[in-house]
Amino acid sequence: MKEVLIKTNSTIQETLIKLQNSSLKCLIVVNKNNILLGTINDGDVRRAIISNAKLNYKIAKYYRKNCYFIKDSQLPNIDTNEKLKKLKINLIPIVDKKKKVIDYIADNITPNNLTLEKNKKIQTIIMAGGLGTRLKPFTNILPKPLLPFRNKTIIENVISKFTNYGLNKFIVSLNYKNTLIKAFFKDLSPNFKISFLEEKKPLGTAGVLYKLKNKNKKYIISNCDVIFDIDYNYLINFHEKKNFDITLVGALQKNKIPYGVCKVKDNKLQSIIEKPENNYMANTGLYLVNSKVFKLIDKNENLSFVDLINRAVKKKLKIGVFPIPSNAWIDLGQSIDFIRKK
């Protein structure tokens, strides 16, 4: 029960982390006595962040106060499944006569067949053409996508997070040790569709996408060394409803300096700030992109995806940021992180 309850003095960052740890994607807001105040879901938090709310802001002004609930005495007379479908919600708080939350009803949030069929039209591009320099000496023998991680290769771990949401068409960009990667997938005989986009020379994390500029499609693009635990239905709906050309997935990060920081002017101490914290949003290397963006790439150009985004900004294309908590993202790009998270 505690996993779905949250207080109004909780921060946006704390709420996102708790949402991430709950499969329901919705929390019940209560006071110190567990009296129902409302609900808050993924969408509420993302709207707050997009409206420039900071991670340390309290959720008091962002949760939904007029939520639907059921008194325990009424429960036998209500078709809760019908209510969930009719109201298009996935959680109903159950309260006693004093409005204290004593339970909840939740729907099965597994994506429906209509959503899965819709997702199958979107192809996922995995950028796997790099040299894996940051993971040396491991990549001296195997290319980064084929390094072992949690009893599978890294790239299998990456792909499995997409197939759970009906995203089963993959394009893998190749350059370094490409024959090994192609041979691996041939031997694997996967239950998803896979094709390859080969670079004759290294083209960065975006240059090879020039070949897809006239496809008129949406693509999810992921680095091959990042693993996500997110609901891709939320990401796709967010991108489509906002009509973005690029949606960048950003992870909320907190940087805390473990000592006092001196503010100095003309060699004179102005003040000391004790253990300051900075909040920022990191680019995770996951994007949802309309293929018209690829027309900004020149043929055979070595271009990073960050540079492509900056070009899109200059062209005034619509670019959105889809925030996720830091614990929804595993970055295996550094040797130290790769070893620690195995």
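Reply: Start with the lining of the largest cavity, which is made by L16, L19, Q20, K25, D42, R46, I230, D231, Y234, F322, I324 and P325. Keep in mind that this is a predicted model.

Me: What makes these residues lining residues of the largest cavity?

Reply: Lining residues have an atom within 4 Å of a point of the cavity. L16 and P325 are among the residues that line the largest cavity. The elements α1 (12-21), α2 (42-50) and β18 (319-325) each supply at least two residues of that lining.

Me: How many of the lining residues are nonpolar, polar and charged?

Reply: The lining divides into 7 nonpolar, 1 polar and 4 charged residues. Leu and Pro count as nonpolar, while Asp, Lys and Arg count as charged.

Me: What is the volume of the largest cavity, and how many cavities of 30 Å³ or more does a search find?

Reply: The volume is about 80 Å³. A search of the whole structure finds 1 cavity of 30 Å³ or more.

Me: Why is the contact between D44 and R47 called a salt bridge?

Reply: The definition asks for a side-chain nitrogen of Lys or Arg within 4 Å of a carboxyl oxygen of Asp or Glu. In D44 and R47 the closest N and O atoms are 2.8 Å apart, so the pair is a salt bridge. In general, side chains of opposite charge can pair when their charged atoms come close.

Me: How are D44 and R47 placed in helix α2?

Reply: D44 and R47 are 3 residues apart in helix α2, and therefore separated by about one helical turn.

Me: Is D44 buried or exposed, and what is R47 called?

Reply: Buried means under 20% relative accessible area. D44 has 6%, so D44 is buried. R47 has 42%, which falls between the 20% and 50% limits, so R47 counts as partly exposed.

Me: What makes E198 and K182 a salt bridge, and which parts does the pair tie together?

Reply: The N to O distance between the side chains of E198 and K182 is 2.9 Å, and the limit is 4 Å, so the pair qualifies. E198 lies in strand β11 and K182 in helix α6, so the pair ties together parts that are 16 residues apart in sequence. Both residues are partly exposed: E198 has a relative accessible area of 34%, and K182 has 28%.

Me: Which residues do salt bridges that share partners join into one network, and how many salt bridges does the structure hold?

Reply: The network joins D44, R47 and R64. The structure holds 9 salt bridges.

Me: What makes the phi of S189 worth a remark?

Reply: Most residues other than glycine have a negative phi. S189 is not a glycine, yet has a positive phi of about 50 degrees. S189 sits in the loop between α6 and β11. With 58% relative accessibility, over the 50% limit, S189 counts as exposed.

Me: What is the phi of D266 near, and where does D266 lie?

Reply: Phi of D266 is near 55 degrees, again positive in a residue other than glycine. D266 lies in the loop between β15 (261-265) and β16 (268-273). The relative accessible area of D266 is 65%, so D266 is exposed.

Me: Why is T11 called buried?

Reply: T11 has a relative accessible area of 12%, which is under 20%, so T11 is buried. T11 is found in the loop between β1 (5-7) and α1. The C-alpha atoms of T11 and Y57 are 5.3 Å apart, although the two residues are 46 residues apart in sequence.

Key
Residues numbered from 1 in each chain as written. Predicted model: local features only at pLDDT ≥ 70, side-chain atom pairs only at ≥ 80, totals over all residues. Heavy atoms only, no water. 1 Å grid on protein atoms, 1.4 Å probe; cavity = no way out; pocket = protein on both sides within 12 Å on 5 of 7 lines; lining within 4 Å. Points joined across faces, edges and corners; volume = space filled by probe spheres on them. Helix = DSSP H or I, 4+ residues; strand = E, 2+ residues; numbered from the N terminus. Buried < 20%, exposed > 50% of the residue type's maximum accessible area, 1.4 Å probe, protein only.
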